[in-house]
Amino acid sequence: MTKIVNSWNDFDPLKHVIVGRADHSCVPPEEPATSEKVPIDSPMRGMWGPRPLETVEKANAQLDNLARVLEERGVKVDRPSPLQWNQPVITPDFRTGSMMTCMPPRDTLLTIGNEIIEAAMSFRCRYWEYLAFRPLLSQYFNEDPEFLWSQAPRPRLSDKSYKHNYYDERISLEERLVRTANKDFVTTEEEILFDAADVLRLGKDLFIQHGLTTNRKAMEWFKRKYPDFRIHAVNFPGDPYPIHIDATFVPLRPGLIINNPHRKLPEAQRKIFEKNDWQIVDAAMPAHKEPPPLCYSSVWLSMNCLVLDHKTVIVEASETNQLEQMDKLGMNVIPIHFRDAYAFGGGLHCSTADVYREGTCLDYFPNQDFEDVTRV
């Protein structure tokens, strides 16, 4: 029996990771959660069904290459067991035409210490996504006597969980930004809702993005589940579609974070970082003007990097500005091609989930002698 699961942050030395797969992936049909995520002018509006096989094969080739690069650096890599995603999701509360993918395990699985939590996701199409990772979690449970396997309270995702007609096609980008700045999102507080990728783990402190996929009730759940941790709510008013923190606010090592310059952390919420000598640097501009075809995500996947240790980071090879910035920040950069995988759920960080990083639970924010406006 050995210790398999351990991870307290995104920058300590990575030793074991899950890398997603693109097999059988679908563009899901519109539903209350996804319709608010797809920009009005996106060609994906109204499109759904199995993704073209050629794109699946290209994505899998790049995911397989990421796995090889990690293994060559001594990282153990596990892979999920894809479902046939082109099946309807039917529950007592809703029906939707298909599922989605298991390419981005970072959305589904949250590792905190020796525990992996299956998230309470807000997309109906992702209701069964955790099943693709069940064989791995079962294996970890059998082999690691200290591993805690948890599932957040399963949401019903009934109509009560969403504000219907939250955006209509006539609403302007400026009006969207006003709503996000006012913390007015499509999800209600009916039940606990969160994607794992909205949770930034920094030792004893969890910074959780309040946005389209994670609500305040989820933060209250974390607060009660981890009474010895400090839970902080953060939001980024410059983002009209605030989903997942890892293309907005990315720690590279203790004391250093890159922040999307179009989605800055509000001044009042920066105090906890400033008072504890953390540097927040504007991320470099993306090298691309548009995301790849059939991609939900923004061009800011440029900063969705995978940190291997305090000095080493993997960055998408065509993101020349981000590569240069990482070098200037003292990081050893490993460029790999990954844009063909973007459309399936995100970038390099999204496509992975930590199983084991060296290190323990440290207190990176010992100075709490100020009003913390981020506290839930």
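A: What follows begins with the annotated residues and ends with the protein around them. This is a predicted model, in which local features need pLDDT of at least 70 and side-chain atom pairs count only at pLDDT 80 or more, while totals for chains, interfaces and linings use all residues. Residues are numbered from 1 along each chain as its sequence is written, and side-chain values use heavy atoms, with hydrogens and water left out.

An unreviewed UniProt entry gives the annotation "active site" to Asp195, His244 and Cys350; such annotations may be inferred rather than shown by experiment. Although these residues are spread over 156 residues of sequence, they cluster in space, with a largest C-alpha distance of 11.4 Å.

Asp195 sits in the loop between α4 (173-181) and β10 (199-202), helices being DSSP runs of H or I of at least four residues and strands runs of E of at least two, numbered from the N terminus. With 1% relative accessibility Asp195 counts as buried, a term that means under 20% relative accessible area (1.4 Å probe, protein chains only). Beyond residues up to four places away in sequence, Asp195 touches several others, including Arg126 and the annotated His244, where contact means heavy atoms within 4.5 Å.

Cys350 lies in the loop between α8 (339-342) and β19 (352-357), and Cys350 is likewise buried, at a relative accessible area of 4%. Among its contacts, leaving aside neighbours within four places in sequence, are Arg106, Asp246 and Asn304.

Terms used
Buried < 20%, exposed > 50% of the residue type's maximum accessible area, 1.4 Å probe, protein only.
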